[in-house]
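Subject: Structure handover

Hello,

Please look it over before reading the notes under it.

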Amino acid sequence: MTVKIAPSILSADIMNLERDVRAADQAGADVFHIDMMDGNFVPNMSFSPAVVEGMRRVTDKPLDIHMMMENPDAYVKPVIDAGANTVLIHAESTQHIYRSIELVKSYGAKAGVVINPGTPLETVKELFPIIDRILVMTVNPGFGGQTFIPGMTKKIQRLDQLRQTAADDNFDIEVDGGINSETIAQCAKAGADIFVAGSYLFNGQDGLKDRIDGLRSVALE
Ligand code: DX5
Ligand code: ZN
């Protein structure tokens, strides 16, 4: 089993973003998670393609863009041009999620679909043949530091079962929201492969390396 730890820079110190990105890179982050929020799809605002471009200059690690915006298609090319490796689009944010995923792939990036806690797995089943990843939100999107929704563990389990029985099982399962040393164990057991963590990593008292190593070892247990 492979485990990937993805620090969410939403919880980094924005006035010291370069410092925090370099620190997380050296501490063993597998990939960086960059939240893009437009103040409409979610009640918050965050990073833009310019931030992706800046991050690309300070790390060689893959950059994942979690789009939380209306009209995500408009920002697919800008973020890929800025250096994004994977673009994750909410199924609820576009009327044509299949087309949005194809658009991402047409630029040579990896594509993933994201589902909110209230969105059923049925919504994404037809995408299995074309997606690289499914991100299951384990909190309602918009803010860092929220509490993991316990019912999501069963949802991940069901998705993993669907993946195992599907002919097209070539996607990873990712979780985002409320991930810490306890919830990561539940998600890993349920079948998740990639773990986003924001506040747990950046607001912790012990070092980033200890926290990343700790999460990884719990997930691998
Ligand atoms: C929330 C964001 C998350 C957020 C996670 O909408 O998508 O990526 O940074 O933060 P924590 O790990 O603190 O729940
Ligand atoms: Zn996110």
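The notes below cover the sheet, the helices packed around it and the ligand site.

Please keep in mind that this is a predicted model.

Sheet

The sheet is open and has 8 strands, arranged in the order β1-β8-β7-β6-β5-β4-β3-β2 with parallel pairing. Its edges are β1 (4-7) and β2 (32-37), each of which pairs on one side only. On average, neighbouring strands are turned by 25 degrees against each other, direction ignored.

One of the pairings is that of β6 (residues 133-137) with β7 (residues 172-176), which is parallel and runs over 5 bridges. Within this pairing, Ile134 has Ile173 in β7 as its bridge partner.

Helices

Helix α5 (residues 152-165) lies across β6 and β7, and its direction makes an angle of about 160 degrees with β6. Helix α5 also packs against α6, at an angle of about 25 degrees and with the axes 8 Å apart. The two helices are therefore roughly parallel to each other, as angles under 35 degrees count as such. Their crossing is right-handed. On the α5 side the contact is made by Thr153, Ile156, Gln157 and Asp160, which meet Gln186, Cys187 and Ala190 in α6. By class, the residues of this contact are 3 nonpolar, 3 polar and 1 charged.

Helix α6 (residues 183-190) has a contact with α8 (residues 208-220) as well: the axes come within 8 Å and cross at roughly 40 degrees. That angle makes α6 oblique to α8. The crossing of α6 and α8 is right-handed. Here Ile184, Ala185 and Ala188 in α6 meet Leu215, Val218 and Ala219 in α8. This contact has 6 nonpolar residues, with no polar and no charged ones.

Ligand site

Which residues come nearest to ligand 1? Of the 22 residues around ligand 1, they are Ser8, Leu10, Gly144, Gly198 and Ser199. At least two residues of the shell come from each of β2, β8 (194-197) and α7 (199-202). Sorted by class, the shell around ligand 1 has 12 polar, 8 nonpolar and 2 charged residues.

To recap the helix contacts, α5 with α6 includes polar residues and a charged one, whereas α6 with α8 has none of either class.

Regards

Key: Residues are numbered from 1 along each chain as its sequence is written. Chains are lettered from A and ligands numbered from 1 in the order in which they are written. This is a predicted model: local features need pLDDT of at least 70, side-chain atom pairs count only at pLDDT 80 or more; totals for chains, interfaces and linings use all residues. Axes are lines fitted to C-alpha atoms, for helices over the stretch in contact, and angles run from 0 to 180 degrees between N-to-C directions. Helices (H or I, at least four residues) and strands (E, at least two) are DSSP runs, numbered from the N terminus. Angles under 35 degrees count as roughly parallel, over 145 as roughly antiparallel, 65 to 115 as roughly perpendicular and the rest as oblique. A crossing is left-handed if the near helix is turned anticlockwise from the far one by less than a right angle, and right-handed if clockwise. Two residues are in contact if their C-beta atoms, placed from the backbone, lie within 7 Å. Ala, Val, Leu, Ile, Met, Phe, Trp, Tyr, Cys and Pro count as nonpolar, Asp, Glu, Lys and Arg as charged, and the others, Gly among them, as polar. Two strands pair if DSSP finds at least two bridges between them. A residue is near a molecule or strand if its C-beta atom, placed from the backbone, lies within 6 Å of it.
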